[in-house]
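The following exercises concern the structure shown below. Each task is followed by a solution in steps.

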Amino acid sequence: EFAYTMRVTEKCDVYSFGVVALEVLMGKHPGDLLTSLPAISSSQEDDLLLKDILDQRLDPPTEQLAEEVVFIVRIALACTRAKPESRPAMRSVAQEIAAHTQAYLSEAFRLITISKLTDYQK
(Lines give C-alpha, C1' and ligand atoms only; values in the text may rest on other atoms or scores of the structure.)
Protein backbone atom coordinates (compact mmCIF):
# COMPACT_ATOMS: atom_id res chain seq x y z
CA GLU A 1 0.00 0.00 0.00
CA PHE A 2 2.87 2.35 0.76
CA ALA A 3 4.09 1.87 -2.81
CA TYR A 4 0.76 3.09 -4.16
CA THR A 5 0.11 6.02 -1.83
CA MET A 6 3.63 6.99 -0.74
CA ARG A 7 2.12 7.70 2.69
CA VAL A 8 2.70 5.72 5.83
CA THR A 9 -0.25 5.59 8.20
CA GLU A 10 -1.42 3.22 10.92
CA LYS A 11 -3.88 1.83 8.37
CA CYS A 12 -0.96 0.43 6.32
CA ASP A 13 -0.13 -1.94 9.17
CA VAL A 14 -3.77 -2.96 9.44
CA TYR A 15 -3.84 -3.72 5.72
CA SER A 16 -0.66 -5.79 6.01
CA PHE A 17 -2.13 -7.77 8.90
CA GLY A 18 -5.22 -8.55 6.82
CA VAL A 19 -3.17 -9.65 3.83
CA VAL A 20 -0.96 -11.95 5.92
CA ALA A 21 -3.97 -13.45 7.72
CA LEU A 22 -5.71 -14.18 4.42
CA GLU A 23 -2.50 -15.56 2.90
CA VAL A 24 -2.11 -18.03 5.77
CA LEU A 25 -5.70 -19.25 5.39
CA MET A 26 -5.68 -19.31 1.59
CA GLY A 27 -2.24 -20.82 1.12
CA LYS A 28 -1.41 -18.12 -1.43
CA HIS A 29 -1.35 -14.35 -1.75
CA PRO A 30 -4.92 -12.98 -1.70
CA GLY A 31 -4.31 -10.43 -4.46
CA ASP A 32 -6.97 -11.81 -6.82
CA LEU A 33 -9.52 -12.00 -4.03
CA LEU A 34 -8.83 -8.46 -2.88
CA THR A 35 -9.14 -6.99 -6.37
CA SER A 36 -12.44 -8.82 -6.94
CA LEU A 37 -14.06 -7.76 -3.63
CA PRO A 38 -15.82 -4.67 -5.06
CA ALA A 39 -17.53 -6.84 -7.70
CA ILE A 40 -18.40 -9.50 -5.12
CA SER A 41 -20.03 -7.04 -2.75
CA SER A 42 -22.11 -5.43 -5.50
CA SER A 43 -23.29 -8.63 -7.20
CA GLN A 44 -24.52 -11.81 -5.59
CA GLU A 45 -23.85 -13.66 -8.84
CA ASP A 46 -20.08 -13.22 -8.45
CA ASP A 47 -20.06 -14.22 -4.79
CA LEU A 48 -17.54 -16.80 -3.61
CA LEU A 49 -17.96 -19.45 -0.97
CA LEU A 50 -15.50 -19.13 1.88
CA LYS A 51 -14.69 -22.83 1.66
CA ASP A 52 -13.56 -22.33 -1.95
CA ILE A 53 -10.98 -19.66 -1.17
CA LEU A 54 -9.36 -21.55 1.71
CA ASP A 55 -6.25 -23.65 1.11
CA GLN A 56 -7.60 -26.70 -0.70
CA ARG A 57 -4.66 -28.82 0.45
CA LEU A 58 -6.19 -28.88 3.93
CA ASP A 59 -9.39 -30.53 5.08
CA PRO A 60 -12.26 -28.07 5.49
CA PRO A 61 -12.53 -26.84 9.08
CA THR A 62 -15.34 -28.15 11.23
CA GLU A 63 -17.11 -27.09 14.39
CA GLN A 64 -15.11 -24.67 16.57
CA LEU A 65 -12.26 -24.40 14.06
CA ALA A 66 -14.76 -23.37 11.37
CA GLU A 67 -16.08 -20.67 13.69
CA GLU A 68 -12.54 -19.39 14.30
CA VAL A 69 -11.77 -19.33 10.57
CA VAL A 70 -14.93 -17.32 9.86
CA PHE A 71 -14.02 -14.90 12.65
CA ILE A 72 -10.47 -14.32 11.37
CA VAL A 73 -11.53 -14.02 7.71
CA ARG A 74 -14.16 -11.44 8.67
CA ILE A 75 -11.55 -9.35 10.48
CA ALA A 76 -8.95 -9.82 7.72
CA LEU A 77 -11.42 -8.64 5.08
CA ALA A 78 -12.19 -5.55 7.15
CA CYS A 79 -8.46 -4.86 7.43
CA THR A 80 -8.03 -4.99 3.66
CA ARG A 81 -10.82 -2.62 2.67
CA ALA A 82 -9.83 -0.39 -0.23
CA LYS A 83 -10.41 2.86 1.65
CA PRO A 84 -8.00 3.17 4.58
CA GLU A 85 -10.44 5.25 6.60
CA SER A 86 -12.98 2.41 6.52
CA ARG A 87 -10.53 -0.08 8.03
CA PRO A 88 -10.56 -0.75 11.76
CA ALA A 89 -7.67 0.48 13.86
CA MET A 90 -5.13 -2.19 14.78
CA ARG A 91 -5.94 -1.61 18.45
CA SER A 92 -9.59 -2.50 17.72
CA VAL A 93 -8.53 -5.61 15.84
CA ALA A 94 -6.25 -6.72 18.66
CA GLN A 95 -8.96 -6.09 21.27
CA GLU A 96 -11.53 -7.97 19.20
CA ILE A 97 -9.23 -10.98 18.85
CA ALA A 98 -8.30 -10.91 22.55
CA ALA A 99 -11.93 -10.69 23.65
CA HIS A 100 -13.20 -13.28 21.18
CA THR A 101 -15.18 -16.05 22.74
CA GLN A 102 -16.61 -19.01 20.93
CA ALA A 103 -18.98 -17.81 18.25
CA TYR A 104 -21.94 -19.59 16.83
CA LEU A 105 -22.24 -20.03 13.08
CA SER A 106 -25.77 -19.16 11.99
CA GLU A 107 -25.44 -21.38 8.92
CA ALA A 108 -23.37 -24.28 7.69
CA PHE A 109 -19.71 -23.44 7.03
CA ARG A 110 -19.95 -24.72 3.47
CA LEU A 111 -22.63 -22.10 2.70
CA ILE A 112 -20.87 -19.00 4.04
CA THR A 113 -20.03 -16.52 1.31
CA ILE A 114 -17.36 -13.85 1.19
CA SER A 115 -19.94 -11.08 0.87
CA LYS A 116 -21.47 -12.14 4.20
CA LEU A 117 -18.08 -11.66 5.84
CA THR A 118 -17.42 -8.14 4.59
CA ASP A 119 -19.76 -6.50 7.10
CA TYR A 120 -17.37 -6.35 10.08
CA GLN A 121 -17.53 -2.89 11.66
CA LYS A 122 -15.21 -1.57 14.40
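**Exercise 1.** Determine what share of the residues in the chain is buried.

*Solution.* Buried means under 20% relative accessible area, exposed over 50%, and partly exposed in between, with a 1.4 Å probe and protein chains only. By this criterion, 34% of the 122 residues in the chain are buried. The model is predicted: local features need pLDDT of at least 70, side-chain atom pairs count only at pLDDT 80 or more, and totals for chains, interfaces and linings use all residues. Residues are numbered from 1 along each chain as its sequence is written, and side-chain values use heavy atoms, with hydrogens and water left out.

**Exercise 2.** State how many helices and strands the chain has.

*Solution.* Helices (H or I, at least four residues) and strands (E, at least two) are DSSP runs, numbered from the N terminus. The chain has 6 helices and 0 strands, in the order α-α-α-α-α-α from the N terminus.

**Exercise 3.** Describe the largest nonpolar core and the elements that supply it.

*Solution.* A nonpolar core is a set of buried Ala, Val, Leu, Ile, Met, Phe, Trp, Tyr and Cys residues joined through side-chain atoms within 4.5 Å. The largest has 21 residues, and Leu-50, Leu-77 and Phe-109 have the most contacts inside it. Two or more residues come from each of α2 (10-26), α3 (31-42), α4 (50-53) and α5 (63-79). Of these, α5 gives the most, with 6 residues. A second, separate core of 5 residues includes Phe-71, Ile-75, Cys-79 and Val-93.
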